Amino acid sequence: MTWNQVYRDNGLKWEKIISVNPPPGIDAIYSFRTTQARLATAYRDSEFIRLLTIASDHDSTYGKK
């Protein structure tokens, strides 16, 4: 997939996390869906996606369970 496809894909739900300031050298942190019940956090590193976390269920990503 191209980055443009990743950003627009409805199934991935690629979303910029604006409530957290990224560390120095990282433009932004994103969340996206890896399965129907799992979300991951990641950042874009040139042409790669660098994974930060993969939550066992999406509610735990936001601390709701």
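## Arg 50 and its setting

Arg 50 lies in strand β4, which spans residues 48-54; strands are DSSP runs of E with at least two residues, helices are runs of H or I with at least four, and both are numbered from the N terminus. The model is predicted, so local features need pLDDT of at least 70 and side-chain atom pairs count only at pLDDT 80 or more, while totals for chains, interfaces and linings use all residues. Residues are numbered from 1 along each chain as its sequence is written, and side-chain values use heavy atoms, with hydrogens and water left out.

With a relative accessible area of 36%, Arg 50 is partly exposed, because that class lies between buried (under 20%) and exposed (over 50%), computed with a 1.4 Å probe and protein chains only. Beyond its neighbours within four places in sequence, Arg 50 is in contact (heavy atoms within 4.5 Å) with Thr 41, Ala 42, Tyr 43 and Asp 45. The C-alpha atoms of Arg 50 and Ile 29 are 9.8 Å apart in space, and the two residues are 21 apart in sequence.

## The salt bridge

The side chains of Asp 45 and Arg 50 form a salt bridge, with an N to O distance of 2.9 Å. The term denotes a side-chain nitrogen of Lys or Arg within 4 Å of a carboxyl oxygen of Asp or Glu, and the count by this rule is one. Asp 45 is itself partly exposed, at 28% relative accessible area.

The side chains of Arg 50 and Asp 45 are also joined by a polar contact of 2.9 Å. A polar contact is a pair of N or O atoms within 3.5 Å; within protein, one must be able to donate a hydrogen and the other to accept it, and residues adjacent in sequence count only if both atoms are side-chain atoms.

## Thr 41 in strand β3

Thr 41, one of the residues in contact with Arg 50, belongs to strand β3. Its relative accessible area is 12%, so Thr 41 is buried. Its side chain makes a polar contact of 2.5 Å with the side chain of Thr 53. Leaving out residues up to four places away in sequence, Thr 41 touches Ile 17, Ile 29, Tyr 30, Ser 31, Arg 50, Leu 51, Leu 52 and Thr 53.

## Nonpolar core and surface patch

The largest nonpolar core has eight residues: Trp 3, Val 6, Trp 14, Ala 28, Tyr 30, Phe 32, Ala 40 and Ala 42. Such a core is a set of buried Ala, Val, Leu, Ile, Met, Phe, Trp, Tyr and Cys residues joined through side-chain atoms within 4.5 Å. Elements giving two or more residues to this core are α1 (3-8), β2 (30-33) and β3 (39-45). Contacts of the core residue Trp 14 include Trp 3, Val 6, Tyr 30, Phe 32 and Ile 49.

Ile 49 is placed in strand β4 and is partly exposed, at 37% relative accessibility. Together with Leu 51 and Ile 54, Ile 49 makes a nonpolar surface patch of about 270 Å². Patches consist of residues with over 30% relative accessible area and no salt bridge, with like charges joined within 9 Å and nonpolar side chains (Val, Leu, Ile, Met, Phe, Trp, Tyr) within 5 Å.

## The chain as a whole

Two helices and four strands make up the secondary structure, in the order α-β-β-β-β-α from the N terminus. Of the 65 residues in the chain, 23% are buried. The chain exposes about 4900 Å², of which carbon and sulfur atoms supply 49%; accessible areas come from the Shrake-Rupley method with a 1.4 Å probe, and for residues only the protein chains shown count as cover.
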